[in-house]
Amino acid sequence: MRSKNSDPRNGARPNNTLATKLRFFGQDETGSLTVFAFAIFMIMVIVGGLGIDVMRAEMQRTRLQNTLDRAVLAAADLDQQLDPEAVVNDYFDKMGMTDYLTSVTVDDGLNYRTVSAQASATVRTQFMQILGREELDGLRDKDAEEARLSFKSLKFVTVPAKGTAEERIANVEISMVLDISGSMRSNSKMSNLRSAAKTFVDTVITTDTQDLISLSIVPYTAQVNAGPAIFDRLNVNELHGFSHCIEFNDYEFNTTNFSTTRAYEQMQHFEAGSYRRDPITNPGCPKRSYERISAFSQNASALRSQIDSLTPRANTSIHLGMKWGVSLLDPSFQPIIQDMADDGEVDVDFANRPASYSDSETLKTVILMTDGVNVNTRRIKSWAYANDSHYAHWNRYPLYYYVNNYVGYYYRSNFYYTKYTSSQADSLLDDICDAAKDNGIVIWSIGFEVNNHGANVMKDCASSDSHFFRVEGIEITEAFAAIARQINQLRLTQ
């Protein structure tokens, strides 16, 4: 007979109560989502923490790299006289990063200075270390390590910085083409030009640039005085002994080439003025020695002296000045410079200049300056400029004065013709500027108190808009100084 307690109908409980509860608990799914959500939350915290650590490390790396870049750039500047390594150390000291600088290397040469530096800082991590591993395997690759961060442990992240700056003054050939026409007489323009041009000379010709930088000065008015040293080495149909100017054909402005064999016509010696002078004092073709081309010089004293002597007169032919400035940089001119060097008329160190356009060690550049615009220019017709008596006559009488006083109105135009209209001269200037740029010649242009037309012409000639300066008054000095600085520009090489 069963006991009462064992009868299920009397509410008796089974004796395996604990096992039953465990079975029920195992089958119960209530709260499982909470466990999963917690696991996801922890993963998000860890990943977010890793991102924060990386961001903090990257911010420190950027700050360190920026300081290093500024330091090596300043140290590599050839103009500063301080010890380059001391300059780098001073930059890091000012930024409170002295302990991060690991090495500074300086390489000084005759025409260059290279400064390299390396630095390294450690950033303590806040989240990575909770992973409990010493190395962050699988999270690094070689390229990322070299370019950005080096994770050496989970407790600390090492952020490196390195860089190299170099200033190198290679061989530089410069033609400085200066407008000395009559309009330069007003508003202290000639005085300001003299100051600016001498600043340029003193900036680019220093003891550090000895035998590296050559400077040619090309003063121009209505023509360019080549000077006897160049003139006598050309094949010129010489008509008179008053000056040393030659004429170019229009097609010659399409090329930088300068023919040393073709027969050039000598420029006529006359003045187009309306007032009597005997002899004339303001001819289109100049003769004064300070108006001669100074070719391939590094004699700063002589160049400054010539600049100080420049005097405004006559009118403006920018295209002729530019043609000569570019020709002096063309390799076709080298035989003339070689011959001048052999005769002691050019520094022997520049006997092999102008260099080939393919010479990667040589920079060729023109600085073209004007205060005006091209104007119509005249020539005397050949029948009235055919013999010695004609040459002597036009040395006494200005053209317009003579025809207005001694020639009937209807016959006056028989005496002269227009060699260049202003628009034609602008077009020829554009041609020679394009030819120069096609050969890699860097053109800087300066519009000195010019009108809008003159500014546009000069801007079109320049290598780019940033190579053009439109200036007033003493601003011309800063323009020349800025050009000089950019010729000796720093390059961040790494």
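# Helix pairs and salt bridges

Let's start with a helix pair: α12 (residues 422-438) packs against α13 (residues 452-461) at an angle of about 25°, and the two axes are 9 Å apart. With an angle under 35 degrees counting as roughly parallel, that makes α12 roughly parallel to α13. Keep in mind that this is a predicted model. The protein chain has 494 residues, and 47% of them count as buried.

**The α12–α13 contact**

- On the α12 side, the residues making the contact are D426, L429, D430, C433 and K437.
- On the α13 side, you'll find H453, V457, D460 and C461.
- Sorted by type, the residues of this contact come out as 4 nonpolar, 1 polar and 4 charged.

- Helix α5 (residues 189-204) and helix α7 (residues 300-309) cross at roughly 170°, and their axes come within 9 Å.
- Angles over 145 degrees count as roughly antiparallel, so α5 and α7 are roughly antiparallel to each other.
- From α5, the residues that meet the partner helix are R194, A197, K198, V201 and D202.
- Facing them from α7 are A300, L303, R304, I307 and D308.
- This contact splits into 5 nonpolar and 5 charged residues, with no polar ones.

**The chain as a whole**

- The protein chain holds 14 helices and 14 strands.
- Take the contacts with a separation of 6 or more: 76% of them are between residues 24 or more positions apart.
- The accessible surface of the chain comes to about 24400 Å², and carbon and sulfur atoms account for 50% of that.

**Salt bridges**

- As a bit of background, side chains of opposite charge can pair when their charged atoms come close.
- The structure has 17 salt bridges, and a few of them are picked out here.
- K94 pairs with D90, with 2.7 Å between the closest N and O atoms.
- Both of these residues sit in helix α3 (residues 84-94), and because they are 4 residues apart, about one helical turn separates K94 from D90.
- K94 is exposed, at 60% relative accessible area, while D90 counts as partly exposed at 35%.
- E173 and K364 also meet through their side chains in a salt bridge, at 2.7 Å from N to O.
- E173 belongs to strand β4 (residues 171-179) and K364 to strand β9 (residues 362-370), so this pair ties together parts that are 191 residues apart in sequence.
- E173 and K364 are both buried.
- R233 and D343 form another salt bridge, at 2.6 Å from N to O.
- R233 is in the loop between α6 (228-231) and β6 (236-237), whereas D343 is in the loop between α9 (334-342) and β9, so the pair links parts 110 residues apart in sequence.
- There's a network here too: R233, D339, D343 and E345 are joined by salt bridges that share partners.

- R485 sits in helix α14 (residues 475-487).
- With 45% relative accessibility, R485 counts as partly exposed.
- R485 and D79 are 406 residues apart along the chain, and their C-alpha atoms are separated by 9.9 Å.

How values were computed
Residues numbered from 1 in each chain as written. Predicted model: local features only at pLDDT ≥ 70, side-chain atom pairs only at ≥ 80, totals over all residues. Heavy atoms only, no water. Helix = DSSP H or I, 4+ residues; strand = E, 2+ residues; numbered from the N terminus. Buried < 20%, exposed > 50% of the residue type's maximum accessible area, 1.4 Å probe, protein only. Contact = heavy atoms within 4.5 Å. Areas by Shrake-Rupley, 256 points an atom, 1.4 Å probe, with all protein chains shown as cover. Axes fitted to C-alpha atoms, helices over the stretch in contact; angles between N-to-C directions. Parallel < 35°, antiparallel > 145°, perpendicular 65-115°, else oblique. Nonpolar A, V, L, I, M, F, W, Y, C, P; charged D, E, K, R; others polar. Salt bridge = Lys/Arg side-chain N within 4 Å of Asp/Glu carboxyl O.
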